[in-house]
Each structure stands twice: as C-alpha cells, then as structure tokens.
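Hi,

Here is the structure I promised to pass on.

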Amino acid sequence: MDSEKSLFARRFRGYYPVVIDVETAGFNAKTDALLEIAASILHMDEVTGLMSIKETLCFNVKPFEGANLEPAALEFTGIDPHCALRAAIDEAEVLKTIFKRIRKEMKGYGCKRAIMVAHNAAFDLGFVNAATERCNIKRSPFHPFVSFDTASLSGLALGQTVLAKACESAGLGFDNKEAHSALYDTEKTAELFCFIVNKWQQLGGWPIAEEAEQAQETKPEDGSDAS
C-alpha cells in the first residue's frame with residue numbers, strides 16, 4: 001500500500017482516528033484516578049473506503065499515588081480499584097503500550113498524527129492528557145485538544161446524543177448491563193463512529209472535498225465554464 005496516498009490519510013487530512021473510553025474514580029482529571037482505558041484501532045478498506053474495527057486494546061489501571069477515589073464514581077462503575085483480580089497495570093506502562101500501537105498504525109497508513117474519537121470526548125481526552133503529563137511521557141500521538149466527539153456527530157446524524165440511544169437508532173444495539181466498562185463502551189463508540197462515517201460516504205458526502213478541488217483545478221483561468 002502506498003501510505004502517502006492511503007484513503008485513511010486523505011479522509012481525515014492526515015489524522016488517524018482512535019476510539020478511546022476511560023473509566024475513572026471521579027470527574028477531575030488532575031486529582032481522580034484513571035481506572036480503565038480501552039482503545040479501538042480502526043481499519044479503512046482501501047477499495048471501498050469503508051471503516052471497521054481492527055482491534056481493541058483494554059487495560060485495568062492502577063490508581064496513581066495519591067489519587068482521589070470518589071465513592072459515588074466507584075459505585076456507578078462497579079469497579080473495585082483494590083481488587084487483585086483486576087491485574088491492574090501502572091499508568092505509564094499502559095499509555096506507552098497504547099501509544100506504541102497507535103504509532104504503528106499511523107505509520108502504516110501514512111498519517112501524521114492521531115486524533116481521539118470518544119463520546120463526550122473532552123472528558124476522555126482530559127484524562128489521557130493528564131495521565132500523559134503525570135507519567136512524564138514527552139510525546140503523545142494524540143492532538144492535545146482536537147477530537148471527534150460522537151455525541152455531537154450522532155446528534156447531527158441520528159438525532160440522539162446519548163450513546164445507548166444513538167447506537168439503538170443506528171441499529172447497532174446496546175446492552176445497558178454491559179455499559180460503563182471501558183471495553184464495551186469503546187467498541188460501541190467505535191461501531192457508532194464507523195456507522196456515521198460509512199453512512200456519510202454512502203450518501204455521497206465524501207470525497208466531496210477532493211472532487212471540488214479537482215473541479216477547481218480544471219476550471220479555466222478566466223473563470224468561465226468550460227464548454
């Protein structure tokens with residue numbers, strides 16, 4: 001595959017989207033523990049341009065030293081951060097593993113940077129950025145503040161902003177008993193993102209920018225229409 005001309009690189013202006021979900025012990029990215037993180041790696045078919053999930057990585061994370069653990073948040077997620085059966089891993093090791101995998105995919109598709117896809121993305125990006133800084137990781141593959149928010153995208157495409165309702169509207173199904181685990185929520189968010197991107201393509205919405213650029217290049221210099 002000529003990575004310089006891959007559809008993936010052209011589709012998102014050189015950005016490689018990665019779907020992320022985090023489960024946490026509160027809402028404050030600076031003080032509250034990151035407890036679970038999952039990342040869905042995406043694939044784009046070079047013939048059809050259709051997107052799908054290639055692989056999902058998921059880790060239980062050890063609370064960082066001095067992390068706040070809000071009882072209400074733990075009750076909501078059902079996570080016991082002290083349970084030995086979680087086989088939790090240090091933040092730094094988790095992030096380095098995920099970042100290494102993302103960079104491999106970026107290189108393969110000829111993309112210059114990753115962009116986070118998440119439902120209410122500011123929350124997940126905030127926790128990943130805070131953990132990256134806390135672990136003294138110099139370089140994250142993710143853009144520091146730009147993201148694709150499936151809450152906004154599904155609001156536009158499906159008239160729904162809640163993940164469960166958006167998935168149901170898209171015919172993807174959603175099991176509320178499985179929700180609030182990083183693995184399940186990431187894969188449902190990834191399915192939703194792929195559905196919206198693929199549907200937009202099928203409706204003729206892409207590669208509209210490329211076609212417009214080609215039309216501009218073939219337009220006579222005097223501005224008149226060619227006949």
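Below is what I found, starting with how to read the notes.

This is a predicted model, so to speak of a local feature I need pLDDT of at least 70, side-chain atom pairs count only at pLDDT 80 or more, and totals for chains, interfaces and linings use all residues. Residues are numbered from 1 along each chain as its sequence is written, and side-chain values use heavy atoms, with hydrogens and water left out.

Helix α3

Which residues of α3 are buried? They are E91, V94, L95, I98, F99, R101, I102, E105, M106 and Y109 (buried means under 20% relative accessible area, exposed over 50%, partly exposed in between, with a 1.4 Å probe and protein chains only). These residues cover an arc of only 165° around the axis, so they sit on the same side of α3 (the arc is that of the directions from the helix axis to the C-beta atoms). On the other side of α3, K96, K100, K104 and K107 are exposed.

I98 has a relative accessible area of 1%. After α3 comes G110, with a positive phi near 75°.

Strands β2 (residues 34-44) and β3 (residues 51-60) run antiparallel and are joined by nine bridges (two strands pair if DSSP finds at least two bridges between them). E36 has N60 in β3 as its bridge partner. Six residues lie between the strands of this hairpin, and G49 takes a positive phi near 75°.

Most residues other than glycine have a negative phi. R13 is not a glycine, but its phi is positive, about 55°. R13 is in the loop between α1 (7-11) and β1, and it is exposed, at 58% relative accessible area. N120 is not a glycine either, and has a positive phi of about 60°. N120 lies in the loop between β4 (113-118) and α4 and is partly exposed, at 45% relative accessibility.

The largest pocket

The largest pocket holds about 590 Å³ of space. A pocket is an open set of points on a 1 Å grid over the protein atoms alone, where a 1.4 Å probe fits, with protein on both sides within 12 Å along at least five of seven lines; lining residues have an atom within 4 Å of a point. Grid points are joined across faces, edges and corners, and a volume is the space filled by probe spheres set on the points. The lining has 24 residues, and E23, F76, F123, H180 and D185 lie nearest the centre. Eleven of the lining residues are nonpolar, eight polar and five charged (Ala, Val, Leu, Ile, Met, Phe, Trp, Tyr, Cys and Pro count as nonpolar, Asp, Glu, Lys and Arg as charged, and the others, Gly among them, as polar).

Cheers

Terms used. Helix = DSSP H or I, 4+ residues; strand = E, 2+ residues; numbered from the N terminus.
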